[in-house]
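This briefing goes through one structure, topic by topic. Please have the sequence and the 3D view open while reading.

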There are 2 protein chains.
Amino acid sequence: MKNTATRDKLIETGAELIGQHGYNATGINAVLKTCGVPKGSFYHYFSSKEAFGLAVIDQFATAYDAQLAELLGDTTLPALERLRRYFAAGREHMCDCNHATGCLIGNLGQELSGQSDTFRDALDRVFQRWEQYFVACLQDAQKAGELSTALPADNLASFILSGWEGAILRAKTLKSVEPMEQFETILFQQVLVSDD
Amino acid sequence: MKNTATRDKLIETGAELIGQHGYNATGINAVLKTCGVPKGSFYHYFSSKEAFGLAVIDQFATAYDAQLAELLGDTTLPALERLRRYFAAGREHMCDCNHATGCLIGNLGQELSGQSDTFRDALDRVFQRWEQYFVACLQDAQKAGELSTALPADNLASFILSGWEGAILRAKTLKSVEPMEQFETILFQQVLVSDD
DNA sequence: CTAACAATAGACTGACTGGTCTACTTTTGA
DNA sequence: TCAAAAGTAGACCAGTCAGTCTATTGTTAG
């Protein structure tokens, strides 16, 4: 399995279609037709649709990890400023996809975590890794005195991830980033505050 | 269309199966087999699967409305106490379904709002009605001096709905109500506070 | 050169999909 | 009483699904 070009093309197309229509509504044939790959190749690289789905999640998580590291791990900026930039990037992405795709991991979490434990585990691991980025960033903020140490960083991180995923869901159904803006506003105004 | 017993049975079974497996993964034949209704009856009451799905949403929204009115509209209790009870009921429901179902509207919002504008509109209307219950409850809290008037009630309501839906999603993928608890804790500690 | 293996290619399969059709039974209202 | 309408019943249809199969082409190592 040296030639990864075809495999990558399948995963890329799969991520796009699954992001748009969900996992169950995305047929393998549709993926193949979209990227012009024959079925023989698909089952050469993936043992089943589920294995393909997991590979799509894996690839997405890896790529997103790099983004998170860049945005939230950029220690040249104040920690809360990094968070602001992360939220801004999320809003921008939401507009770019016409409020249709949102967050692939969130989408699949809703759709599949009741359907398959394999998927649920994979998606939960991604969420937990994301949470760790938030924890690190919030701890930076606490060390710098930007953020009160009254609230544990890990609880805050869970709060932020939940709220942000929910805001993305609302943005999708409303076709507007307003819920994402309102979440960010109140979060910074009431939750991410320093000791007076 | 006077005999609603068969129709109700179809909708009830549909809500259950769609809640468990999602809309796309729930076949009409599975619904029919589960509740022992022949296909002829199904298409006597519903013109298509989409119409059926909308009826399921409608029925669920109506039933949930009654619950919200009871919990959040119970003016014999302090407004913030009503909110606490609402969250507690949500957590209980999450445990009852083994963290598998979560919120039907949230699930379908993720799955279908990118797939069909008809569904998206229907689901968004439900969300907006829910938000109005929160707004009314928060305004009660502000009038009673339980809650600062510094933040507009409608922004807060949007914040709470987003956060709660996101917490439910995390609870599903984590198979634990912990994210819901963490959301509630920080919400009451930092956001739903009175003027000092 | 050639044998082994990676990869491409797509016809094909059985199961299942949403939806249609006709036949039959029950209920209703005049 | 009886005809029209409501509702039940399930065989059936074309299309699609994930997955299999065999054949062929590219590549690589001995």
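Which element gives the most to the surface near DNA strand C? That element is α3(A), with four residues. The model discussed here is a predicted one.

**Surface near DNA strand C**

- There are 18 residues around DNA strand C, and those that come nearest are T6(A), G40(A), H44(A), G27(B) and K49(B).
- Two or more residues each are given to this surface by α3 (39–45) of chain A, and by α2 (28–35) and α3 (39–45) of chain B.
- Sorted by class, the surface near DNA strand C holds nine polar, five nonpolar and four charged residues.

**Chain A overall**

- Chain A contains nine helices and zero strands, so its pattern along the sequence reads α-α-α-α-α-α-α-α-α.
- The C-alpha trace of chain A spans about 65 × 35 × 30 Å along its principal axes.
- Chain A has 196 residues, of which 43% count as buried.
- Taking contacts in chain A between residues at least 6 apart in sequence, 63% join residues at least 24 apart.

**Helix α6 of chain A**

- Helix α6 of chain A, residues 104–112, is mostly covered, with nine of its nine residues buried.
- The buried residues of α6(A) include L104(A), I105(A), L108(A) and L112(A), and N107(A), Q110(A) and E111(A) are also among them.
- Within chain A, the cover over the buried residues of α6(A) includes α1 (5–21), α4, α7 (117–143) and α8 (153–174).
- Chain B also takes part, as α6 and α8 of chain B are included in what covers these residues of α6(A).

**L54(A) in helix α4**

- L54(A) lies in helix α4 of chain A, which runs over residues 49–72.
- L54(A) has 18 other C-beta atoms within 10 Å and is therefore partly exposed, since a buried residue needs 20 or more and an exposed one has 12 or fewer.
- L54(A) and V193(A) are 139 residues apart along the chain, and 39 Å separates their C-alpha atoms.

**Contact between chains A and B**

- On the chain B side, 43 residues are in contact with 43 residues of chain A.
- The chain B elements that give two or more residues to this side are α1 (5–21), α6 (104–112), α7 (117–143), α8 (153–174) and α9 (178–191).
- The largest share of the side of chain B that touches chain A comes from α8(B), at 16 residues.
- By class, the side of chain B that touches chain A has 21 polar, 16 nonpolar and six charged residues.

**Packing of α8(A) against α8(B)**

- The axes of α8(A) and α8(B) are 6 Å apart, and the helices pack at an angle of about 110°.
- The two helices, α8(A) and α8(B), are therefore roughly perpendicular to each other.
- Residues of α8(A) in this contact include L161(A), W164(A), E165(A), L169(A) and R170(A), and those of α8(B) include L161(B), W164(B), E165(B), L169(B) and R170(B).
- The contact of α8(A) with α8(B) is made up of eight nonpolar, six polar and four charged residues.

- The same surface serves both copies, as 100% of the contact residues of chain B recur in chain A.

Note on methods:
Residues are numbered from 1 along each chain as its sequence is written. Chains are lettered from A and ligands numbered from 1 in the order in which they are written. This is a predicted model: local features need pLDDT of at least 70, side-chain atom pairs count only at pLDDT 80 or more; totals for chains, interfaces and linings use all residues. Two residues are in contact if their C-beta atoms, placed from the backbone, lie within 7 Å. Ala, Val, Leu, Ile, Met, Phe, Trp, Tyr, Cys and Pro count as nonpolar, Asp, Glu, Lys and Arg as charged, and the others, Gly among them, as polar. A residue is near a molecule or strand if its C-beta atom, placed from the backbone, lies within 6 Å of it. Axes are lines fitted to C-alpha atoms, for helices over the stretch in contact, and angles run from 0 to 180 degrees between N-to-C directions. Angles under 35 degrees count as roughly parallel, over 145 as roughly antiparallel, 65 to 115 as roughly perpendicular and the rest as oblique.
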